[in-house]
Amino acid sequence: MVIRYILAFVAAIMFSAVGCGFKIDKSSSSDQQSGYVWQVPNGFPIPVVPADNPMTRNKVELGRHLFYDSRLSGDGSVSCAFCHQPSLAFTDGRSRAAGIQGNIHPRSAMSLTNVAYNATFGWDDPSLTRLEDQMLIPLHNTQPPEMGAAGREAEILSRLKKDRHLRLLFHRAFPDDRYPVTMRNVIFALASFERTLISGNSPYDRWAYCAETDALNKDQRAGARLFFSKRLNCFRCHSGFNFSGPVKYAGSELPEARFHNTALYDEDGNGAYPRPNTGLHRHTGQGADMGKFRAPTLRNIALTAPYMHDGSIPTLEAVLDHYAAGGRSRFNPQIVRLNSNTDPLISGFKLSPVEKRQLIAFLGALTDQIFIQQALEQEVRNP
C-alpha cells in the first residue's frame, strides 16, 4: 500500500526530488569559482544563484548578521527578523506585517522557508523573480513604510561602519571592494544568507523517501493520502518538493508564474476583493486577475498561522473549512454566485471530522524541527 501510494504521488506532482539527510554538492554551476559548497537535503536540487552575486561562506555569514540587525531600518527599530522569526519558520505570527513606527502592511509576512527556490517573490507580483530585487521592497517601501531605508541609506551605512566587527565581515565578504560597506553589498549578503534557509527533513520526508516507516503515524499517513487525492486536490496548487507553486533551481528554466483565486472574498457578488489586496489585479489591472495570489510553501505550515495573504483565517482547521465550503462566498447567503475568477479547483468537498483530523496531522508532519532548531542556534543577538 505504501509503495503504491508513493508511486502515485511521484506521478502526480511535477517534481518529486526530496529526501532526508544531506548531500554535499560541489558542482553547482554558478558557484564553482567561488568555492561555495551547498549542503542540501538529499535529492533537493541546487538553487539558482545569479551570476552577479555568487555564493561564498563569508557573504552568507555577513548576511546572517545583517538579517538580525535593526540598524538596517531607517529609525533603527526593526530588522528583517522582526517580520521573519526563526521560531515561526521565518514568519511573524501576525495577520499583517508591521513596520517601523507600528505601520501595518496590507499583507502578511511570507515564510522564508526554501525561498531560494521561489519562481517569484511576494504574494502577487509576477515581476519579482530575483531575491535581490525583492529586498528593495521592504527596505524602500513607503506606502506603508516597512524598514524605512528610503532616503536614509547614508545614515544606515554610517551606523554599520561604526561597528568594527561588521566592517571586518564586509571586507571578508567583498574582498575586491575598496569600500565594501554599501547598500548593494548589504542586499547581496542578505540574499546569500536567505538562500541557505533550506528545509527538507520533516517526518514526511523521512517516511516517503528514507524508508522510515514509523516516521508518520496512522493519522498522518491517512492525511497524506487525502492531500494527494483528486477529491481534495490540495496538491494541484501546493505541488512538487516544496509543496508550493512553481519553483526554479539550477539547470531549470524559469517557470511560468501561477496565481490562484481561492474565493477568499466576494464583496460585490462578482468577485471583488478589498483594496489594496486585489492580488495580481493590483499589478495588471485586468479583471480576470482579481484576487489571484501565489501559492506559498506548506513546509512548516503548522508554525506560520494565521493564514492567507491577509492573515484572515486563524487556524489550519479554519483553512480546511474554507476550502471545503468552496470559499467564503458560500458562507454569505446574500452572495448568490461564486466569484467568476475563482480557481476551478476551489469547488468544495466533504470532509468528515476524522478526515479533517488526519489532514491536519499530515500538515503537521511537514514541520522540520531540525531546520527550526538550527535557525534558532544561528540567530544573532545584536546590541
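1. How much space lies in the second largest pocket? The volume is about 710 Å³, where a pocket, on a 1 Å grid over the protein atoms alone, is an open set of points where a 1.4 Å probe fits, with protein on both sides within 12 Å along at least five of seven lines. Grid points are joined across faces, edges and corners, and a volume is the space filled by probe spheres set on the points.

2. The model is predicted, with local features needing pLDDT of at least 70 and side-chain atom pairs counting only at pLDDT 80 or more, while totals for chains, interfaces and linings use all residues. Residues are numbered from 1 along each chain as its sequence is written, and side-chain values use heavy atoms, with hydrogens and water left out.

3. The lining of the second largest pocket comprises 27 residues (those with an atom within 4 Å of a point), and Tyr36, Gln39, Val60, Thr196 and Gln378 lie nearest its centre. Strand 2 (38-41), helix 2 (57-67), helix 7 (164-173) and helix 15 (369-377) are the elements that give two or more residues to this lining, with helices (H or I, at least four residues) and strands (E, at least two) taken as DSSP runs numbered from the N terminus. Helix 2 provides the largest share, six residues. By class there are 14 nonpolar, eight polar and five charged residues, counting Ala, Val, Leu, Ile, Met, Phe, Trp, Tyr, Cys and Pro as nonpolar, Asp, Glu, Lys and Arg as charged, and the others, Gly among them, as polar.

4. Two cavities of 30 Å³ or more are present, a cavity being a set of points where the probe fits but cannot get out. The second largest cavity holds about 30 Å³ of space and is lined by Tyr68, Phe90, Phe193, Leu197, Ala375 and Gln378, that is, five nonpolar residues, one polar and none charged.

5. Helix 2 packs against helix 8 (residues 183-194) at an angle of about 100 degrees, with their axes 7 Å apart, the axes being lines fitted to C-alpha atoms over the stretch in contact and the angles running from 0 to 180 degrees between N-to-C directions. The two helices are therefore roughly perpendicular (65 to 115 degrees).

6. Some backbone details deserve a look. Phe90 has a positive phi of about 60 degrees although it is not a glycine. The peptide bond from Gln143 to Pro144 is cis, with omega near -5 degrees, and Pro144 sits in the loop between helix 5 (136-140) and helix 6 (153-161). The bond from Ala305 to Pro306 is cis, with omega near -5 degrees, and Pro306 is in the loop between strand 4 (292-293) and helix 13 (316-324).

Technical notes:
Angles under 35 degrees count as roughly parallel, over 145 as roughly antiparallel, 65 to 115 as roughly perpendicular and the rest as oblique.
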